[in-house]
Amino acid sequence: MVLNTIYPSEEDTSANFRDELTSDEESSIGDSAIESSGALDNRAAMAVGNRMPARITQSHLSRLLAGVRALSWTVYPGDLAKLLDEAVRLVRCDADVRLGRGDAVGPSRPLSQGERTQLGLLMQEAVPFCFLKCLTDNAVHNWPLNVQQDIFEACASLGRVTIASAERYMEMANLQVTNPDQTGDWDDVEEQEEVVIVLTALREAFSWRNEWAEKNKDKTGKPGHTTAPALTNVQARLETAACSPQPVALMERTGAPEGYDEPVQLILQEPCYLWQAYLVDDFVATGGIGALEGLLTTQRTPSVALLEAALGVAAAAMDFLLPDRCRVVMNWLSTFLLATLDQRLKDSVPEASERNGSGATSSLFGHLYSIIDNAPAAEEGTSQPCASDVAHVQRNFIELLVQKGLFARQLSALREVDSMLRHVEALKGDEHDQLLQSTISWLRESKVLEGLLRANLHQRQYADLVARVLSRLAASGGVSNDELSLLWNIAQKADTFEAVRVNVYSLLGTLAMALGPGQLDVLFSFFESGGASGAAGDSYLMELLQKLIDSDTQGATLPKLAERLPELLWHLTFPAAAPSGSNGETVEHQAAISVVPQSPKMATEPSGLQAMAPAMRLLCQAVMAYDLALPNARIEHKYAVRCVNTIAGAPGSGNQAFAALQLLQLFAANHLHTQPRLERGTWAEVVRQLEAKQRLAEVVSEALQRFQAAECLRLQHQPHSPPQEALVAQAQHAAAIEAFTSFLRSRTVWLHQTMERELVQRLWSALCVSPPYPSDRDVFLRLLGTKGAVELLTGEVARELLEEQLPQLAATTASSTLVETQIHLMTKVNQENGKLVLDPTNNTWLTSDTDLVGMQYLWRLALEAPVRVHEKARDQLIKFHQHLAPPLSDDPISVHRSFLREGVRELLHAAEVGSSPECSEEARSIAGWRTALCLEILNRFLKTCEGRAQPPQPAHGASFVGDQVLLLVDCQGHPRRNPAP
């Protein structure tokens, strides 16, 4: 930021000014006028009536515009002040010429085209940019005091040029109505734009809410080199307590006497914003209030932008005016507001519905509310406008906008409703309550709100504004169930555009934050009603609920949402039970036992689980978030108990038990990954409470048994399902079984304990005794057969499995999982009994006693299991008899002979069974398979023993019997040679 504050001297200015004049102009001004400029400042001279030439100093204007247009902008506030004072002269001269008035010094001359161009550049380009930068840019805090004083002078000059421009427009507008021929080429639109520019800049200069005011808020005196008499009077009035030195909002009006007849010393509070008070006083003392009144009461209808700008200046000045001057403003405002504003807005409806006009109208009413709010109480026996009067005019204007279904007008109407509600919220006391209730009643009775909700919701800008309006109404209880129902029905209609549906869901999410408990229940009931039609999988609804979860975990809405939002998500995840049939049985149960069910698909089809998944994840997220924010509410424990109860009451078929299991898993995962808190405790403590009071493991295992029984029943009634459906059903069933067993495995990990014998027996009964699918056994075996899971069993339970349960399974249909489980359990049990010893050198198990628990069933698996499955059992069988520990390692030959005798016995038994005349073909085939496998085992064992017995380096001349080698020589294709003679 570059700021040049070095100005030419007064003599240089006069010389430059003389050089820029033509010879005719110079002779018409005279030497006396130039001499007076050296004795009195140009702005002060104009204030007392001494007229300077009607000319813009070209050098100042050129430098100012060059700084404005530069990429690295520069502002010259000193030049700006001088140019504005010169502009006052030009404006007044132009008005005198157009209206045929004489000049105080002599006859005024019309402005040349060049002067009009210069004035237009100054007012339309330099003024808005320069004051924007000087008053609102953060760089103002770095500028020195002399620059701050130059800005003050520019603001004071801006006030005077504003008065001159307003008076000229007012007089010309009235003249155009009464005698249009006399106005000549006067352009009403262009003149209004110019007045709006200076009024907007002046409003910012009066404001104590910008950077320049903040920078100079502690200044207690006027700028030192300001010598204008009107500004000097400010100090005199301040000393006699005739002027308020700070905004009304920052001081107590009762601290000043009513009459101000005697001097009173004011105690200034910080910040005092004294410079803004000087500017307002100068503006009022030089006829500013009268100029504003003239703009509002001119015979020609001004634009909405002009009305807004004039009222904006008045609203900013009200912060500094004394009660008597405030009442002057209220007097002419009363006439304007009650008599003319309604009609003027009606004439300006097309303009007000435009993009810029709609914003100006909202600001216009905002200024009116501000003026009334800052006004002192009316004197006894008199009346003055109140907020309800403004609201009445604003309502009439809104109704005019809504009458035609144009988007621009309806958007403007919506902005006005938002503006009206915003200003009603700012009121206090009885007036706030009365006006709020009357506004809500008007919105409903006039059908304005209903009409605005039925159209244009495809526009995101419009929908966001509707959300803001409804949120304001909801905060005051002004939203009824009818509005909620209307929005929900729009979102659910089949022919609703996608953009409308998206915007309505977003709108409802914003609105939910402001709704009261009763209406929030109504809104959530709509969400629940959509659950039966797939609301749990509705991405828009899920985004809405995600927004609610993320919106506020610390604010005032937390208790309300913490109670209702998880409940809603629970109902979306676990829809209500199916309706009952005529005989009291549920429809779901009837379908399960029906010989010809209505749907060939399972109740646990993946689409149902997938539909639950988004709601389930959000439910977990909401429970964890609110449980952390409100630890004493024990929200997590509450929903964990509900999960267990859901599992206990779930029917044999259905998704609810699986969803509850998955939800508990999510609770555990989120709980373990969050920072532990004393109020919440650990997840293990939660599970222990569930185990103690809700019998968690028993409930889950019984639900698994019911599920298996229901699936068996379904298969009985559907024995010949199409292949594709049968495969899908089996895959779904396997996923469900995995969910049960995975949860039970996780439970033992959470509690750091082994599985109870009763739980293992229930799992064995559900998964291995007549299961719906043979693959169910593998799920149980995987649960027990992995190395990590073996640690979850006690030695007693593992021994019982080896000796009683596993031998019940047919070896002929054994899977590799069964073999692995058998080997793992044998290793665990025999290691605890001391029959297996771990060799730490190569991490292998050595046999110290060949009477191993489970050996008999391992022989069966090695001899009867299918191809490739039996190989694992065979290899482990050989290892148990070859990897020996003391004392067996001292006499390995006896162990080998014992193994061979057992192998020969099995071989003879298979041969006997296969040769019996009463043996069936199937039994003979099995006997033949056992014979082949037994010979393979013995052969492999002998070879392994032979390799182990021979020394690594045989003695000289030693020989060993090797395997027979059969060499086949194929001579086909080669010509036979005859022997030589």
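At 35% relative accessibility, E425 counts as partly exposed. This is a predicted model, and in it E425 forms a salt bridge with R472, with the closest N and O atoms 3.0 Å apart. E425 sits in helix α19 (residues 407–426) and R472 in helix α22 (residues 460–475), so the pair ties together parts that are 47 residues apart in sequence.

Across the whole structure, a search finds 35 salt bridges.

Over in helix α39 (residues 816–832), K828 and E832 are 4 residues apart, so about one helical turn separates them. They form a salt bridge as well, with 3.1 Å between the closest N and O atoms. Here K828 is buried, with a relative accessible area of 11%, whereas E832 is partly exposed at 44%.

## How α6 packs on α7

Now for a helix pair. Helix α6 (residues 77–99) and helix α7 (residues 113–136) pack with their axes 11 Å apart, at an angle of about 135°. That makes α6 oblique to α7, and the crossing is left-handed.

On the α6 side, the contact residues are L80, L83, L84, A87, L90, V91, D94 and R98; they meet R116, L119, L122, M123, V127, C130 and F131 in α7. By type, the contact of α6 with α7 divides into 12 nonpolar residues, no polar ones and 3 charged ones.

A few loop residues are worth a look. P886 and P887 are joined by a cis peptide bond, with omega at about 5°. P887 lies in the loop between α41 (869–882) and α42 (892–915).

Two residues other than glycine have positive phi values: S770, near 50°, and R868, near 70°. S770 is in the loop between α35 (757–767) and α36 (775–785), and R868 is in the loop between α40 (855–864) and α41. S770 is exposed, with a relative accessible area of 60%; R868 is exposed as well, at 65%.

How values were computed. Residues numbered from 1 in each chain as written. Predicted model: local features only at pLDDT ≥ 70, side-chain atom pairs only at ≥ 80, totals over all residues. Heavy atoms only, no water. Axes fitted to C-alpha atoms, helices over the stretch in contact; angles between N-to-C directions. Helix = DSSP H or I, 4+ residues; strand = E, 2+ residues; numbered from the N terminus. Parallel < 35°, antiparallel > 145°, perpendicular 65-115°, else oblique. Left-handed = near helix turned anticlockwise from the far one by under 90°. Contact = heavy atoms within 4.5 Å. Nonpolar A, V, L, I, M, F, W, Y, C, P; charged D, E, K, R; others polar. Buried < 20%, exposed > 50% of the residue type's maximum accessible area, 1.4 Å probe, protein only. Salt bridge = Lys/Arg side-chain N within 4 Å of Asp/Glu carboxyl O.
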